[in-house]
Amino acid sequence: MEKARCLLAAPMLAALAGCVQVAAPDKPIEINLNINIRQEVLLRLQQDAKELIEQNEDIF
Amino acid sequence: MSRRMKLILALGIGLAAVTGGAAYAFVQGGDEASQLRATGQVGEQWDGYLGIVGSASAELRARVDAINIRRRAVYTERAAARQATIEAMAVSAGCELLSSRVGPGQYYRLPDGSWHQRQGNGPVQLPSNCPS
């Protein structure tokens, strides 16, 4: 019985170790929220952009 | 120099100035941005401004700058009206310019700084944040 418990514990420990391991990345983590914010802003300004380009053909 | 010769000289200079000015206005007039793009030395950038592909003469640089200054004025005015930043308005125009103003064989620039040449009538890559 004691032996069986040990046999069960061994793979469980191995699995736990696999879960807990965290490796720090060598590059800094960069989360660019700008991209998502901008996408909404750009969508809102899309019609204005089209108008500007059509109304100022000499510079566009 | 006689008085008459001075008069003729003055008239000549005046005439040259007028015709020269008219010729200059003709070149400047019309769609200067598309003329510049057609040279292959100038391309549209993702940020809403014209850029120079490679190196350019001071004269070409001045023409590009002149257009970009006027673009910025237009972006500034519309950005204020829409309570947006000038940059956002310019980038928004950049999305439209890349998708509608880059002709076959012409150059455009993406946010990573790389220049690309549009292959024939093929598609132009747009920055990922452009509305589709």
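How many helices and strands does the secondary structure of chain A come to? In this predicted model, chain A comes to two helices and zero strands. Of its 60 residues, 13% count as buried. The model as a whole scores ipTM 0.74 and pTM 0.67.

For chain B, the mean pLDDT is 86, and 77% of the residues reach 70 or more. Residues 18–29 of chain B have a pLDDT below 50, and this stretch makes zero contacts in the model beyond near neighbours in sequence. Where pLDDT is low, the predicted coordinates should not be read in detail.

Chain B contains an open sheet of four strands, in the order 2-1-3-4 and with mixed pairing. The edges are taken by strand 2 (50–52) and strand 4 (115–117) of chain B; each has a single partner strand, so one side of each is left without a neighbour in the sheet. From one strand to the next, the twist averages 40 degrees. Strands of a sheet pair through backbone hydrogen bonds, either parallel or antiparallel.

Both senses of pairing involve strand 1 of chain B. With strand 2 of chain B, strand 1 pairs in the antiparallel sense over three bridges, and B:Val42 has B:Ile52 of strand 2 as its bridge partner. These two strands of chain B form a hairpin with four residues between them. In the turn of this hairpin, B:Gly48 has a positive phi of about 95 degrees. With strand 3 (residues 107–109) of chain B, strand 1 (residues 42–45) pairs in the parallel sense, over two bridges. Here B:Gln45 has B:Arg109 of strand 3 as its bridge partner.

Two helices of chain B are placed against strands 1 and 2. Helix 3 of chain B packs on the sheet and touches strand 1 and strand 2 of chain B, its direction making about 165 degrees with that of strand 2. Helix 2 (residues 32–39) of chain B also lies across strand 1 and strand 2 of chain B, and runs at about 115 degrees to strand 1.

The length of helix 3 of chain B was compared with expectation. This helix covers residues 58–81, and its 24 residues should span 34 Å at 1.5 Å a residue; the end C-alpha atoms are 35 Å apart, which agrees. Buried positions in helix 3 of chain B are B:Val64, B:Arg71, B:Tyr75, B:Arg78 and B:Ala79.

Helix 3 of chain B is followed by B:Gln83, a residue in the loop between helix 3 and helix 4 of chain B. B:Gln83 has a positive phi of about 50 degrees although it is not a glycine. Most residues other than glycine have a negative phi. B:Gln83 counts as exposed because it has 6 C-beta neighbours inside 10 Å, where 12 or fewer is the limit for that class.

Helix 4 of chain B covers residues 86–100 and has 15 residues. From its first C-alpha to its last it reaches 21 Å, close to the 21 Å expected at 1.5 Å a residue. Helix 4 of chain B is mostly covered, with eleven of its 15 residues buried. Among the buried residues of this helix are B:Met89, B:Val91, B:Cys95, B:Glu96, B:Leu97 and B:Leu98.

B:Leu97 lies in helix 4 of chain B and is buried, with 27 other C-beta atoms within 10 Å. Leaving aside neighbours within four places in sequence, B:Leu97 is in contact with A:Ile53, A:Phe60, B:Glu44 and B:Gly48. B:Leu97 and B:Gly48 are 49 residues apart in sequence, and their C-alpha atoms are 7.1 Å apart in space. B:Gly48 is the residue of positive phi in the turn between strands 1 and 2 of chain B.

Between chains A and B, 18 residues of chain A are in contact with 23 residues of chain B. The side of chain A that touches chain B has ten nonpolar, three polar and five charged residues.

Methods. Residues are numbered from 1 along each chain as its sequence is written. Chains are lettered from A and ligands numbered from 1 in the order in which they are written. This is a predicted model: local features need pLDDT of at least 70, side-chain atom pairs count only at pLDDT 80 or more; totals for chains, interfaces and linings use all residues. A residue is buried if 20 or more other C-beta atoms lie within 10 Å of its own, exposed if 12 or fewer, and partly exposed in between; C-beta atoms are placed from the backbone. The expected span of a helix is 1.5 Å times one less than its number of residues. Two residues are in contact if their C-beta atoms, placed from the backbone, lie within 7 Å. Ala, Val, Leu, Ile, Met, Phe, Trp, Tyr, Cys and Pro count as nonpolar, Asp, Glu, Lys and Arg as charged, and the others, Gly among them, as polar. Two strands pair if DSSP finds at least two bridges between them. Axes are lines fitted to C-alpha atoms, for helices over the stretch in contact, and angles run from 0 to 180 degrees between N-to-C directions. pLDDT is the predictor's confidence in each residue, from 0 to 100.
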